[in-house]
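I opened my notebook for this model and looked up a few places in turn. The entries below follow the order in which I checked them.

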Amino acid sequence: MQIGPYRLRNSMALAPMAGLSDVPFRTLVWRLGAGYMVSEMLSSKPELWESGKSRLRRVPVPGVDPVAVQIAGTDPRVMAEAARRHVDDGVQIIDLNFGCPAKKVCRKAAGSALLSNLSLVADIVGAVVAAVKVPVTVKTRAGLLPGDDVGVQAGWVAASQGAQMVVMHGRSRACKFKGRVDYGPVGRLKTRLTESGIDIPVLVNGDIDSVNQAHNALRMTGADGVMIGRAALGQPWLFAELTGGVVPATGQKFELILQHVAHMHEFYGDQAAVGIVRKHVIAYLSRLGLQDHVRGFLSLHKSLEQLGYLQALFSAENAQPAEYSTASAVNVAA
Ligand SMILES: Cc1cc2nc3c(=O)[nH]c(=O)nc-3n(C[C@H](O)[C@H](O)[C@H](O)COP(=O)(O)O)c2cc1C
């Protein structure tokens, strides 16, 4: 699969998940074989450029190519300026968020709220495409309400304005994350683009959690690749499975988790990392059938306690993970 000039190593992408798919998680997911990843959503507002959150979300993951950043906003000129700044910083793909249903984002008429104004979608994509020389992509939902296919129109409008890839989550804005995902609109978008002679990749997204489901979604839609979000939490090795790589054995999974936790401590700073480490570790323990240990883990308030707890737990599980050391944390980042 190719986005503009960039040939991807495979068509299995990690979905952006604000607060979760940060640098430490993307480092691990890339190592486990994902073919494409984009940053967590960044505001396009210039006054937020230097906020602590924006600065961390802008950090590129070493070794990952192409470097893609997702921006959200409503004003075409502000979005174009933000895109320019990112490209000046070395970003190779700009992704526009037309899919986020979060109230905080929608109240500002950004994210999926933009689907109610297709001429603004056209203006934003047109302005950003004109502002930068790198590919511009969009991520959208199927529509505002189930069955309205507004996302199909938005995807087509974006492509007509020069977007070079469309990712579609097969749920409407109203559905948020509930109800059955519907891949129908993704297929209709792919067909409409093909019939219009627009040859850009479409990625299908929503509830893909296995190799089988990935193949089904591709077959049902004719999409060029899949994007996976929540199913990667607690089991980033899903990407190894999806891409025919070596799936780590249990002991290796324990070691990867320890390295991931150490990387989060290092990236955010010990104290700031404690909360985000909890989110990932709950997912890991649940996936590994160790959910009885979640409560104990949540009672810890210090980074060293978190690591110590996991080391003891994993040793007791007889997997004998290698000793944690700063060196192993650095290896993950390398
Ligand atoms: C916690 C969380 C944060 C998310 N943040 C973003 C985001 O920053 N940008 C975006 O385009 N989508 C975001 N999404 C949506 C996902 O990228 C994806 O479209 C959605 O989760 C459906 O895919 P899945 O079923 O594979 O998780 C987020 C989803 C979750 C659960």
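I looked at what comes after helix 1 and found Gly33, with a positive phi near 120°. Helices here are DSSP runs of H or I with at least four residues, numbered from the N terminus. The model is predicted: local features need pLDDT of at least 70, side-chain atom pairs count only at pLDDT 80 or more, and totals for chains, interfaces and linings use all residues. Residues are numbered from 1 along each chain as its sequence is written, and side-chain values use heavy atoms, with hydrogens and water left out.

Next I went back along helix 1 itself, residues 23-31. I noted that eight of its nine residues are buried (under 20% relative accessible area, with a 1.4 Å probe and protein chains only; exposed is over 50%, partly exposed in between). The buried set is Val23, Pro24, Phe25, Arg26, Thr27, Leu28, Val29 and Trp30. At the start of the helix, I found a side-chain oxygen of Asp22 within 3.1 Å of the backbone nitrogen of Phe25.

Then I turned to the ligand. Which residues come nearest to the ligand? Of the 17 around it, they are Pro16, Gln70, Asn205, Asp207 and Arg230; a residue counts as near if one of its heavy atoms lies within 4 Å. Asp207 has a backbone N or O atom 2.7 Å from one. For Gly229, a polar backbone atom is 2.8 Å away. For Met41, a backbone N or O atom lies 3.3 Å from a ligand oxygen. On its own the ligand has 610 Å² of accessible area, and the protein covers 87% of that; the areas are Shrake-Rupley values with a 1.4 Å probe.

I moved on to His265, which is placed in helix 10, residues 250-268. Is His265 buried or exposed? It is buried, because its relative accessible area is 5%. I set aside neighbours within four places in sequence and listed the contacts (heavy atoms within 4.5 Å). His265 touches Asp270, Ala273, Val277, Ser303, Gln306 and Leu307.

Last, I checked Leu304 in helix 13, residues 303-316. Leu304 is exposed, because its relative accessible area is 68%. I also took its separation from Arg58: 246 residues in sequence, and 27 Å in space from C-alpha to C-alpha.

Key
Helices (H or I, at least four residues) and strands (E, at least two) are DSSP runs, numbered from the N terminus. A polar contact is a pair of N or O atoms within 3.5 Å; within protein, one must be able to donate a hydrogen and the other to accept it, and residues adjacent in sequence count only if both atoms are side-chain atoms.
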